[in-house]
Amino acid sequence: MLKNPSTKYQAFPAFNLPNRQWPSRTLTQAPIWCSSDLRDGNQSLIEPMNAQQKMRFFKMLVAMGFKEIEVAFPSASQTDFDFVRELITGQHIPDDVTIQVLTQAREDLIARTFESLRGAKRAIVHVYNATAPHFRRIVFNHTPEQTMALAVQAATWLKDYAAQQPATHWRFEYSPEVFSQTEFRFARDICNAVLDVWQPTPNAKPIINLPATIEGSTPNVYADQIEWMSSQLKYRNNVVLSVHPHNDRGTAVAAAELAQMAGADRVEGCLFGNGERTGNVDIITLALNLYTQGIDPQLDIGHIDEIARVVTECNQLPIHPRHPYVGELVHTAFSGSHQDAIKKGMAVQNPNGIWEVPYLPIDPQDIGRSYDAVIRVNSQSGKGGMSYLLEREYGVTLPRRWQMALAKQVQAVSDETGKEVSAQAIWQVFQARYVEPQGPWQYAHHTDQRLAEGMHEVCLVFTNGQQAVGQGNGVLDAAVQAVAALSGQTIQITHYQECSLRRGSDAPALALIEIQGHQGKTVAGAGIDTDIVIASIRALLQASHQLLNEQPPLPA
Ligand SMILES: CC(=O)SCCNC(=O)CCNC(=O)[C@H](O)C(C)(C)COP(=O)(O)OP(=O)(O)OC[C@H]1O[C@@H](n2cnc3c(N)ncnc32)[C@H](O)[C@@H]1OP(=O)(O)O
Ligand SMILES: CC(C)C(=O)C(=O)O
């Protein structure tokens, strides 16, 4: 890298717009969306889509609610030409959807473009020529006047060719390619000259599309450019002002949002930001950004994974796991404090109220995702995440002290393996620590005799043949006395809880017991059985083993 990059790269010039209005505006409605997946997206693929893939993609875009879809560059290839023909002759275009096609400002290409559209009920023909100074000089060897003349000529060709097919409801679109790096007065003049040819009417509003063909500035500069152009365009009420941001600096979404605040009516982009180089602006992110502000995005993204599947299969490109809204990991928290906050948020979230779950900007269910992946446990996780998984997968809500003790053990497992710890693995750690017998008194069976009202005598029989008898005011109390006699300690139950386990067809019962031994040490044990009384006795025995085994007490 250069020590002084200014010898090679120039800063973008500031835009002097002292009374700019866009910074104090907010977005209140969805723009007109135009998907360019089948054109700008397609032209950037390693292998452009075939006819079947294009049709599949098109049908999905229609189902999502797109009303304007740039379907091809028909003069570029037979595939694109034939695809447009198939859309029209196969009657695949719903009445409320308008297809759009792109062409260079060359008469032969324009003629072929109109040929492809023969018989269409409605169509937008989109023509472009590059207007930025270095493009004029390097690519075209054109003076500004020649660039202007080419645009006017192209606008005229569009008008003339359209007149030859009067049955179609035509609309025209003009893009001064590389608008954002074009001298702003020149960009204005060339767009107005094109509009003068087209003579906009409310019935067929032309589209002036201002692309950041290569994103070259911070998004506020683009917004200034759009606001200025919006104020300078002739026939403004009868013109649709469109933006077409690319993502070279990684700020296409911001650029599109600020541009809408600055007056853009329409946004061209691609799903999940496919497109040339770093991509076109991501329409899904834009739409869901609106949604999470309480604004109807006018697109149905209720099954985002299905949309992603179609897009990745057609584009043959993966989507990054951190991609906004759709990435595999974007609704997942691994870190302890995030998990703790999400768990608390989920517990108090009113299903009909304003979404307030910390760290989750959108309810994953709104876009067809489940809560399954919201919390995953690794060495960065704490008790919150671990207990969330136990609760969700097994229906077990551990008392706080248990959570603290278990979290240390789960952490040890993830530290040792360096890997994620699944709910099942956490459950295994729990069972090994609290459920599986760790001492001599393994439950075989018991008898319970009711001596009088509120007085039971229980005989515990262990697998080693040993027995213990105790009396108490209930079965568990009597069992406590039996174990106390056996261990030679006074034992007191300080906490008891039971629940049905979620997993498993017979939904066995889980009992959690904390007991205090004669030195005030509090230990815990758990028992599982289809019979809750037996589960409780097992839990008691397990806790008693902890007393004998000198296990560390539960944290205070
Ligand atoms: C920013 C964008 O995304 S713009 C869209 C870009 N998309 C595509 O290019 C995909 C489809 N394009 C193609 O398949 C081909 O470019 C075709 C079929 C349209 C044209 O192919 P060719 O005639 O072989 O020309 P080529 O691809 O080399 O294009 C460059 C020529 O077009 C000219 N040109 C480029 N853009 C335009 C334009 N908007 N209007 C008029 N001429 C243009 C160039 O100046 C150059 O002319 P030259 O040969 O006289 O120097
Ligand atoms: C043709 C135009 C709109 C384009 O794709 C671009 O400038 O990026």
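Predicted model: local features only at pLDDT ≥ 70, side-chain atom pairs only at ≥ 80, totals over all residues.
Residues are numbered from 1 along each chain as its sequence is written, and chains are lettered from A and ligands numbered from 1 in the order in which they are written.

The protein chain is divided into domain 1 (25-315), domain 2 (336-367), domain 3 (381-435) and domain 4 (443-549), with bounds taken from an automatic or database domain assignment. A separation of 37 Å was computed between the C-alpha centres of domain 1 and domain 2.

The largest nonpolar core comprises 92 residues, and Val71, Val101 and Ala259 have the most contacts inside it. Such a core is a set of buried Ala, Val, Leu, Ile, Met, Phe, Trp, Tyr and Cys residues joined through C-beta atoms within 7 Å; a residue is buried if 20 or more other C-beta atoms lie within 10 Å of its own, exposed if 12 or fewer, and partly exposed in between, with C-beta atoms placed from the backbone. Helix α6 (residues 144-163) contributes the most to this core, with seven residues. Apart from it lies another core, of 54 residues, which includes Leu389, Val396, Leu406 and Leu486. Not counting residues up to four places away in sequence, the contacts of Val101 (C-beta atoms, placed from the backbone, within 7 Å) include Val71, Phe73, Val84, Leu117 and Val125.

Ala259 is also among the buried residues of α9. This helix (residues 252-261) is mostly covered, eight of its 10 residues being buried; helices (H or I, at least four residues) and strands (E, at least two) are DSSP runs, numbered from the N terminus. The cover over these buried residues includes β6 (207-212), α8 (219-232), β7 (240-245), β8 (266-269) and α10 (283-291). Gly263, which follows α9, has a positive phi near 125°.

Ligand 1 is surrounded by 16 residues, of which Phe73, Ala76, Gln104, Ala105 and Asn129 are the closest; a residue is counted if its C-beta atom, placed from the backbone, lies within 6 Å. At least two residues of this shell come from each of α1 (37-43), β4 (122-130) and α5 (133-140). The shell around ligand 2 includes Asp40, Tyr128, Glu177, Asn209, His244 and His246. Here β5 (169-177) and β6 are the elements that give two or more residues.

Terms used
Contact = placed C-beta atoms within 7 Å.
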